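What follows is a short report for someone meeting this structure for the first time. Please look over the sequence and the model before reading on.

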Amino acid sequence: MAHDAIDIEGGVVSGDLLERIAATPEAVEGQRPGDFGVEGRLSEEIQSAFSDAATYWNAFQARLRRGRESATTITRETWMLPLLAVC
């Protein structure tokens, strides 16, 4: 199977491993929801995390446009700290 968005470089992740993950992710060690500390569907957790990140990004962009503080302060307080706090 060709992966249009993935170029394999080096030997950390093999083409064989990508094929197994694409075919049956639940059968690959380290790819089950429990391996990530998730009890439900992994795709739902990923969607939720992406939604949170998008919310932080939009708030960051709005505050940056207003520009009443330094860009460093705005980046730290409105983008990096909230984003890293959910990890």
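Val13 is found in the segment before α1, where helices (H or I, at least four residues) and strands (E, at least two) are DSSP runs numbered from the N terminus. At 34% relative accessibility, Val13 counts as partly exposed, a class that lies between buried, under 20% relative accessible area, and exposed, over 50%, with a 1.4 Å probe and protein chains only. Leaving aside residues up to four places away in sequence, Val13 touches Ile8 and Leu18, a contact being heavy atoms within 4.5 Å.

This is a predicted model, in which local features need pLDDT of at least 70 and side-chain atom pairs count only at pLDDT 80 or more, while totals for chains, interfaces and linings use all residues. Residues are numbered from 1 along each chain as its sequence is written, and side-chain values use heavy atoms, with hydrogens and water left out.

The pLDDT, the predictor's confidence in each residue from 0 to 100, averages 87 over the protein chain, and 94% of the residues score at least 70. Confidence is lowest in helix α1 (residues 15-23), with a mean of 86, and highest in helix α2 (residues 42-66), with 92.

Along the principal axes, the C-alpha atoms fill a box of roughly 50 × 30 × 20 Å.

Of the 87 residues, 11% count as buried. Among contacts with a separation of 6 or more, residues 24 or more positions apart account for 11%. The protein chain exposes about 6,700 Å², of which carbon and sulfur atoms supply 55%, the areas coming from the Shrake-Rupley method with a 1.4 Å probe.

Asp52 is found in helix α2 and, at 33% relative accessibility, counts as partly exposed. Arg68 lies in the loop between α2 and α3 (71-85) and, at 71% relative accessibility, counts as exposed.

The table sets separation along the chain beside C-alpha to C-alpha distance.

| Pair | Apart in sequence | Apart in space |
|---|---|---|
| Asp52 and Val28 | 24 residues | 28 Å |
| Val13 and Ala62 | 49 residues | 39 Å |
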